[in-house]
Amino acid sequence: MFEPTYTAGLERLAAFVPHAGRDYASKRNYDNLAHVSALSPYIRHRIITEEDVLKATLARHSPQTAEKFIQEVYWRTYWKGWLEMRPSVWAMYRSDLQAALNRVQTESGLRQEWEAACKGDTGIDCFDHWAKQLADTGYLHNHARMWFASIWIFTLRLPWTLGADFFMRHLLDGDAASNTLSWRWVGGLQTIGKTYLARPDNITKYTEGRFHPTGLATFAAPLDGAPHPARGPLPITDTIDPNLRTGLLITEDDLSPGWLLDQVKPSATAIVQTTPARSPLAVSDPVSGFVTSALSDCAARFEEQLGPMTECAPDALNTWMQSHDLEQVVTSYLPAGPTRDALQGAPLAQIIRPYDMSAWPHATHGFFRFKDKIPKLLGQVQNHAV
Ligand SMILES: Cc1cc2nc3c(=O)[nH]c(=O)nc-3n(C[C@H](O)[C@H](O)[C@H](O)COP(=O)(O)OP(=O)(O)OC[C@H]3O[C@@H](n4cnc5c(N)ncnc54)[C@H](O)[C@@H]3O)c2cc1C
């Protein structure tokens with residue numbers, strides 16, 4: 001379903017853009033791939049970027065006609081900025097997940113229920129269908145993700161962190177910010193006191209009659225959790241010394257490194273595979289396969305400019321630097337999440353994309369405040385040459 005190449009991403013974008021206006025606004029809630037872009041595996045890895053998507057959309061539609069779609073793209077940007085200012089929320093998720101996995105080892109009842117949910121063997125037919133669809137395809141429609149998370153938390157009463165981890169292991173677009181904060185939002189931890197309850201009539205309507213679930217929770221009390229941590233400062237972009245012998249590191253967080261080449265003339269380039277860091281458990285074969293092929297596609301795409309690239313394990317970075325006599329290694333900024341965790345302590349100069357630099361500072365409060373800035377941000381997107 002998802003070919004991990006830049007060309008396939010561009011083709012999907014071109015095919016979707018004509019529908020990004022009123023079609024998308026009126027039909028996007030139906031659990032049907034025909035009504036959404038299915039671009040998230042590409043955007044997540046920046047095989048194609050948010051800017052590519054917004055520019056292509058604005059070349060065809062007015063900002064008003066494509067308002068809904070543009071807002072959805074900015075939801076991703078908003079979540080990234082929000083987490084960047086509160087990275088301890090990701091660290092907290094990881095430690096709560098480990099605690100839940102420890103419980104799974106010692107509580108056989110919990111283990112059986114968790115396994116049944118992951119296998120799609122709960123007896124709730126829509127939920128079981130989505131669990132299998134996710135494992136088979138690496139993708140779920142947004143509405144299905146909301147229903148699935150809600151049933152996981154409020155009907156099956158399983159720890160939300162185990163559900164978020166199930167998504168991280170199977171979603172091709174598995175992303176620390178969008179995934180963790182969306183699960184928190186469903187459970188009432190993100191927008192304090194506001195939960196998302198999956199309702200049978202809503203599922204029936206938006207699956208066009210495919211499912212009529214019974215026995216779902218009828219009430220969704222917010223989960224207990226720590227208050228939001230205080231907002232910290234945003235990262236600043238590192239300085240590159242043009243006189244040093246420089247290497248370029250490409251990670252799965254940004255597979256369009258062309259924008260960095262105005263600033264860096266690398267003597268050597270490495271690509272690093274950090275997908276296993278998405279979960280303490282094994283990530284699915286479709287996810288590993290997608291990322292491995294996407295990294296190779298990026299290496300092939302930039303070979304003419306950058307020469308052959310070395311595949312490098314996260315812990316072999318220093319050896320690679322020494323073998324090429326590198327004095328600094330530049331990479332596109334690593335946002336809070338598995339890649340940053342896997343490369344913790346590596347001597348990297350991290351450069352933040354102008355798109356993120358302009359948008360993230362506005363992710364201070366809720367999305368509705370951020371949304372007011374979209375017209376100004378869109379103006380900047382149209383003026384950027386990237
Ligand atoms: C519980 C839960 C977990 C999620 N986990 C992830 C995740 O790990 N990675 C991820 O990319 N998205 C996640 N989402 C958000 C959203 O479901 C997906 O981005 C969207 O379904 C991707 O499909 P699409 O490309 O067809 O989206 P479209 O509707 O075509 O939207 C276009 C793009 O906008 C962005 N986008 C759309 N909706 C959202 C949203 N609600 N939040 C953030 N970005 C959005 C995506 O980059 C998407 O590709 C999650 C949502 C929920 C409810």
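How far is an oxygen atom of the ligand from a polar backbone atom of Asp175? The gap is 3.0 Å. This is a predicted model, where local features need pLDDT of at least 70 and side-chain atom pairs count only at pLDDT 80 or more, while totals for chains, interfaces and linings use all residues. Residues are numbered from 1 along each chain as its sequence is written, and side-chain values use heavy atoms, leaving out hydrogens and water.

**Ligand**
- The side chain of Trp79 has an N or O atom 3.5 Å from a nitrogen atom of the ligand.
- On its own the ligand has 810 Å² of accessible area (Shrake-Rupley method, 1.4 Å probe), and the protein covers 96% of that.

**Helices α8 and α9**
- Helix α8 spans residues 125-137 and helix α9 residues 142-155 (DSSP runs of H or I, at least four residues).
- In contact (heavy atoms within 4.5 Å), Cys126, Phe127, Trp130 and Ala131 of α8 meet Ala144, Trp147, Phe148, Ile151 and Trp152 of α9.
- That contact's residues split into nine nonpolar (Ala, Val, Leu, Ile, Met, Phe, Trp, Tyr, Cys and Pro count as such), no polar and no charged.

Key
Axes fitted to C-alpha atoms, helices over the stretch in contact; angles between N-to-C directions. Helix = DSSP H or I, 4+ residues; strand = E, 2+ residues; numbered from the N terminus. Polar contact = N/O pair within 3.5 Å; in protein donor to acceptor, adjacent residues only side chain to side chain.
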